[in-house]
Amino acid sequence: KAVVSTQSTGAPHEISREQQLYFKELTTKCISTDKQVREEAVQSLSTDPGLAAVLPRLTVFIIEGIRVGLGDCKMYYIQFMLEMLDNLLQNKAIRLEKFLHDIIPSVISCMVCTQICGRPLEQDHWSVRSSAARILSGLVKIHNLNTNQLQSRVTKMLHHALERHNSGLVSTFGVLAGLCELGSLTISTIVLPEIRNIYRRVELKCATSQDPIDRHAKERIKELLVRKCAHVVQEHLPELLSVNDYEQKFGDIGSEMFYKVMRPASHMPMKM
């Protein structure tokens, strides 16, 4: 069983005895096996204005929880930590800038780690990776400033990871999920120009792999790219008009992209 201590996180600040008791009670509830207790505690993170005093310990708790969850392949524990972080992001009374240098690598690890659960063919780790990508995007959008260039730094980090040809397909899915969540500009400048080569590498790796998870990863990557990129293609590449245009531009994934882009238009009601 994955266990993260609710006693002491090693956070370098002093808090009162009352705050220590509050922190212990809160974190115990946030990892409770009682779903209602856990959900109420986690949701309180999005609204409680008194979290500032325990925030350093709380962020260490989440980071350590992710580390333990990844190490033990306890996906449910990773989900608990991501839910806590997601709700903290919604709390307008606190800011996470001081902790981003530890939080962001932990979240990216949830996206790209080769295995985050014990039964990857049966358990839906894809949605956990997608949730981590969405949270990463939230962290970037809230805290990006001209002085820290956070979006640029995170984008470069993920772009470099995408260019590593020895990465597994599961990790490639996580990287692409992260890039796509960063918005239309990132998709149009980084993902779309490379989508043909990306998907060719995916197909080649899948063709030579004996691991069944790679076949699942290939389909997940295709679905992700088509779903996230279609509206950007429609906006930025209006000159593409036929399925042949799409296939020439995007290769083997082109036809599916074409039908995804064209389907909404074909279902629009006729004007009378």
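1. Salt bridges. Ten salt bridges turn up when the whole structure is searched, a salt bridge being a side-chain nitrogen of Lys or Arg within 4 Å of a carboxyl oxygen of Asp or Glu. The model is predicted, so local features need pLDDT of at least 70 and side-chain atom pairs count only at pLDDT 80 or more, while totals for chains, interfaces and linings use all residues. Residues are numbered from 1 along each chain as its sequence is written, and side-chain values use heavy atoms, with hydrogens and water left out.

2. Glu25 and Lys29. These two side chains form a salt bridge with an N to O distance of 3.1 Å. Both residues belong to helix H1 (residues 17-30), where they sit four residues apart, about one turn of the helix. Helices here are DSSP runs of H or I with at least four residues, numbered from the N terminus. Glu25 has a relative accessible area of 44% and is partly exposed; Lys29, at 36%, is partly exposed. The classes are buried for under 20% relative accessible area, exposed for over 50%, and partly exposed in between, with a 1.4 Å probe and protein chains only.

3. Arg119 and Glu122. A salt bridge links the side chains of Glu122 and Arg119 at 3.0 Å, N to O. Glu122 is exposed, at 63% relative accessible area, whereas Arg119 is partly exposed at 47%.

4. Glu219 and Lys222. The N to O distance in the salt bridge between the side chains of Lys222 and Glu219 is 4.0 Å. The two are three residues apart in helix H10 (residues 212-236), which means a separation of about one helical turn. Lys222 is buried, with 16% relative accessibility, and Glu219 is partly exposed, with 43%. Shared partners join Glu219, Lys222 and Glu256 into one network of salt bridges.

5. Packing of H2 and H4. Helix H2 (residues 35-44) packs with helix H4 (residues 75-89) at an angle of about 35°, and the axes are 8 Å apart. Axes are lines fitted to C-alpha atoms, for helices over the stretch in contact, and angles run from 0 to 180 degrees between N-to-C directions.

6. Residues between H2 and H4. On the H2 side, Arg38, Val42 and Gln43 meet Phe80, Glu83, Met84 and Asn87 of H4, where contact means heavy atoms within 4.5 Å. The residues of this contact comprise three nonpolar, two polar and two charged. Nonpolar covers Ala, Val, Leu, Ile, Met, Phe, Trp, Tyr, Cys and Pro; charged covers Asp, Glu, Lys and Arg; the others, Gly among them, count as polar.
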